[in-house]
Amino acid sequence: MIPFDPGYVRIDVIKIHPATTVDLPEINFVIKSAIMNWPLPDRLRKLAVPVMQYREDDMAALSVLVAKLNGEILGIAAWDSEPSHPLPNGLGGLFHGLFVLPLVQYQGIGTSLMDAVFDEARKIRTTGLLIKAQRVSRHYFERQNLTPLAATDDEYPWQYWKRLA
């Protein structure tokens, strides 16, 4: 038996499944919580929240997965399978967002969500996914053994990709 530790979440009891629009308020709460924990000035975090949160039209355009424990959303991952992003192996989709509640970060939830997205993308034969990381999260993506992409001056500076086919 694992002793109780409020900072420890058992990954094996977390369920990952597609989100619905009913999940949208809780998804946006997770996003807001994660952003408000970024090491940035408070004003900048407050400006970033509404830009990064999802709307109903985003839910229709993207595939969104949620990680739940006892019915509560702990993390979300969103991606677009449309092969419209140039990658070294052809055109691929876009890994749009990954957010985990700050209280349960560093427990493997983000990695589990990413792996679930990669599995879903492989099922529909997506050749790869482009990831555009925020400056505050680029170290996380670097630790995931994703391949960095060189960016020109007019491109997003922290880009990575995952080969799926």
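**Helix packing and aromatic rings in a predicted model**

In this predicted model, helices α1 and α2 are roughly antiparallel to each other.

Student: At what angle do helix α1 and helix α2 pack, and how far apart are their axes?
Tutor: Two packed helices are described by the angle between their axes and the distance between the axes. Helix α1 covers residues 24-35 and helix α2 covers residues 42-52. Angles over 145 degrees count as roughly antiparallel, and α1 and α2 are therefore placed in that class. Their packing angle is about 155 degrees, with the axes 9 Å apart.

Student: Which residues make the contact between α1 and α2, and how many of them are nonpolar, polar and charged?
Tutor: In the right-handed crossing by which α1 passes α2, the contact draws on Ile31, Lys32 and Ile35 of α1, together with Arg45, Ala48, Val49 and Met52 of α2. Divided by type, the residues of this contact come to five nonpolar, no polar and two charged.

Student: How many aromatic pairs does the whole structure hold, and what is the geometry of Tyr140 and Phe141?
Tutor: A search of the whole structure finds three aromatic pairs. In the pair of Tyr140 and Phe141, the ring centres lie 5.3 Å apart and the planes are at 80 degrees. Planes over 60 degrees apart count as edge-to-face, and the pair of Tyr140 and Phe141 is accordingly edge-to-face.

Student: Is Phe141 buried or exposed, and which residues share its aromatic cluster?
Tutor: Phe141 has 7% relative accessibility and so counts as buried, whereas Tyr140, at 21%, counts as partly exposed. The aromatic cluster that holds Phe141 also includes Tyr140 and Tyr160.

How values were computed:
Residues numbered from 1 in each chain as written. Predicted model: local features only at pLDDT ≥ 70, side-chain atom pairs only at ≥ 80, totals over all residues. Heavy atoms only, no water. Phe/Tyr/Trp six-rings, centres within 6.5 Å; stacked < 30°, edge-to-face > 60°. Buried < 20%, exposed > 50% of the residue type's maximum accessible area, 1.4 Å probe, protein only. Axes fitted to C-alpha atoms, helices over the stretch in contact; angles between N-to-C directions. Helix = DSSP H or I, 4+ residues; strand = E, 2+ residues; numbered from the N terminus. Parallel < 35°, antiparallel > 145°, perpendicular 65-115°, else oblique. Left-handed = near helix turned anticlockwise from the far one by under 90°. Contact = heavy atoms within 4.5 Å. Nonpolar A, V, L, I, M, F, W, Y, C, P; charged D, E, K, R; others polar.
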